[in-house]
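Thank you all for coming.

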Amino acid sequence: MYQELQKGWIEVITGPMFAGKSEELIRRLRTLSYAHKRIVSFKPAIDDRYDECKIASHDGEMFEAYAIHKAEEIYDYIDKTTDVVAIDEVQFFGDEVVALCNDLADKGIRVICAGLDLDFRGEPFGPMPRLLAVAEFVTKLSAACTICGCGATRTQRLIDGKPARRDDPVILVGANESYQARCRKHHVVPKGGK
């Protein structure tokens, strides 16, 4: 699948929560580590659900990472020997992450990002639309809808067991206590207001 036509490129792993994005990212990084590639991985500092300094999947798989606040901090950790840069939960970074990924790929680095393509409202999440557009390779995963078991492509946010409202803040870090995977039919976002 990944013929090395050029030395650097961008890969994006995306889908809803509980689809296995971080698990797939970790799998790729482990495979590359067996090939003795120099890997530097990152995660947003706000995501400390399972570990402060590791990329972590919901099923407990982990990979060492630097917790950063801004995408530009990545430059502080890489050098000319870096083969691979991995970024988990990339949707939490601003639009500057797209230019950064392009710059790294242009420098011959393989960039692998994982993140939600849609927010809890079912709308494109942060920099993801642009990142998906410039990536050479995109893997879109799905989960199982917690209501009907069909393919889930959406993330349902729940507050006190009820669907979050459209006017709720976009960013709320959480796991199965706050979110469920849902299919298009069962994804619900009530309008805001009292």
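This is a predicted model: local features need pLDDT of at least 70, side-chain atom pairs count only at pLDDT 80 or more; totals for chains, interfaces and linings use all residues.

Let me begin with Arg-28 and Glu-11, both of which are buried, meaning under 20% relative accessible area, with exposed set at over 50% and partly exposed in between, for a 1.4 Å probe and protein chains only. Residues are numbered from 1 along each chain as its sequence is written, and side-chain values use heavy atoms, with hydrogens and water left out.

The side chains of Arg-28 and Glu-11 form a salt bridge at 2.8 Å, N to O, the term requiring a side-chain nitrogen of Lys or Arg within 4 Å of a carboxyl oxygen of Asp or Glu. Arg-28 lies in helix 1 and Glu-11 in strand 1, so this pair ties together parts 17 residues apart in sequence; helices (H or I, at least four residues) and strands (E, at least two) are DSSP runs numbered from the N terminus.

Glu-11 also meets Arg-110 in a salt bridge, at 2.4 Å, N to O, and because Arg-110 belongs to strand 7 (residues 110–116) and Glu-11 to strand 1, that pair joins parts 99 residues apart in sequence.

Which residues are linked in a network of salt bridges? They are Glu-11, Glu-24, Arg-27, Arg-28 and Arg-110.

Finally, Phe-18 has a positive phi of about 70 degrees although it is not a glycine, and His-36, likewise not a glycine, has a positive phi of about 60 degrees.
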